[in-house]
Amino acid sequence: ATAGGNKDILRRILRDRNFVLQTEAEDTVPQLLKHLEDSPDFYVEMSWDFSSWVPLLSRMAPSDTYRIWKQGSTVRVDTTLLGFEGMKWQRGRRSFIFRAWRDNADVQDGANVGQANVEMLQLDHDSPFAFREAVGVGSGGAGPGT
């Protein structure tokens with residue numbers, strides 16, 4: 001469809017792909033939310049570094065310490081290694097926060113069965129910017145033909 005320049009077919013393919021992704025999220029996110037709610041809270045640090053017997057390679061090898069917090073259904077990961085550019089590792093202070101929760105609108109048999117919501121935050125501690133992506137995962141979404 002792309003090579004032939006057929007925008008209508010490409011639009012339908014993308015719409016169907018988005019429907020499949022949304023359907024999979026509707027199945028996966030509530031399970032993930034339950035696992036997060038049921039697991040104990042924790043904090044862990046994971047330090048890693050690469051090394052080599054080749055001196056120049058060892059100097060270029062990355063290292064970092066990930067700090068991971070889990071509280072309720074929220075997970076936060078802090079890192080300082082951001083990427084590789086111009087033969088140098090890019091460093092900074094970033095936090096990635098994954099939040100999942102249910103709306104309190106629906107309670108059945110004492111359990112909250114409201115819509116599951118997911119939010120991913122990226123905080124750049126070296127600049128005044130934060131990025132947020134939110135996804136609502138509900139039941140009864142529109143099908144691929146709508």
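**View 1. Glycine G86 sits in the hairpin of β3 and β4.** In the hairpin of β3 and β4, G86 takes a positive phi near 60°. Two residues lie between these strands. The model shown here, and in every view below, is predicted. Strand β4 covers residues 88-102. β3 and β4 pair in the antiparallel sense, over ten bridges. Look for E85, which stands opposite K88 in β4.

**View 2. A second hairpin joins β2 and β3.** Strand β2 spans residues 63-71, and strand β3 spans residues 74-85. The two pair in the antiparallel sense over five bridges. This hairpin has two residues between the strands. Here G72 takes a positive phi near 60°. Across the pair of strands, W69 stands opposite R76 in β3.

**View 3. R76 lies over the ring of W69.** Where does R76 lie relative to W69? R76 lies over the face of W69, at 4.9 Å from the ring centre. W69 also stands opposite R76 along the strands. Is W69 buried, partly exposed or exposed? W69 has 32% relative accessibility, so it counts as partly exposed. The cut-offs behind that word are simple: buried means under 20%, and exposed means over 50%.

**View 4. The rings of Y43 and W69 form a tilted pair.** The protein chain holds three aromatic pairs. In one of them, the ring centres of Y43 and W69 are 5.0 Å apart. Their planes meet at 45°, so the pair is tilted. A tilted pair falls between two limits: planes under 30 degrees apart count as stacked, and planes over 60 as edge-to-face. The pair links distant parts of the chain. Y43 belongs to strand β1, residues 42-49, and W69 to strand β2. The two residues are 26 residues apart. Y43 has 41% relative accessibility, so it is partly exposed.

**View 5. W48 and Y66 meet edge-to-face.** The ring centres of W48 and Y66 are 6.1 Å apart. Their planes are at 70°, so this pair is edge-to-face. W48 lies in strand β1 and Y66 in strand β2, so the pair ties together parts that are 18 residues apart in sequence. How exposed are the two partners? W48 has 24% relative accessibility and counts as partly exposed. Y66 is partly exposed too, with a relative accessible area of 26%.

**View 6. S73 is a buried residue in a loop.** S73 is found in the loop between β2 and β3. Why does S73 count as buried? Its relative accessibility is 14%, so it falls under the 20% cut-off. A polar atom of the S73 side chain lies 2.4 Å from the backbone oxygen of A100. Which residues does S73 touch, leaving out those up to four places away in sequence? They are L33, L36, E37, F98, R99 and A100.

View 7. The protein chain has two helices and eight strands. From the N terminus on, the elements run α-β-α-β-β-β-β-β-β-β. Of its 146 residues, 20% count as buried. The accessible surface comes to about 10,600 Å². Carbon and sulfur atoms account for 56% of that surface. Now take the contacts with a separation of 6 or more: residues 24 or more positions apart account for 37% of them.

Conventions: Residues numbered from 1 in each chain as written. Predicted model: local features only at pLDDT ≥ 70, side-chain atom pairs only at ≥ 80, totals over all residues. Heavy atoms only, no water. Helix = DSSP H or I, 4+ residues; strand = E, 2+ residues; numbered from the N terminus. Buried < 20%, exposed > 50% of the residue type's maximum accessible area, 1.4 Å probe, protein only. Contact = heavy atoms within 4.5 Å. Areas by Shrake-Rupley, 256 points an atom, 1.4 Å probe, with all protein chains shown as cover. Pairing = 2+ DSSP bridges. Phe/Tyr/Trp six-rings, centres within 6.5 Å; stacked < 30°, edge-to-face > 60°. Lys NZ or Arg CZ within 6 Å of the ring centre and 35° of its normal. Polar contact = N/O pair within 3.5 Å; in protein donor to acceptor, adjacent residues only side chain to side chain.
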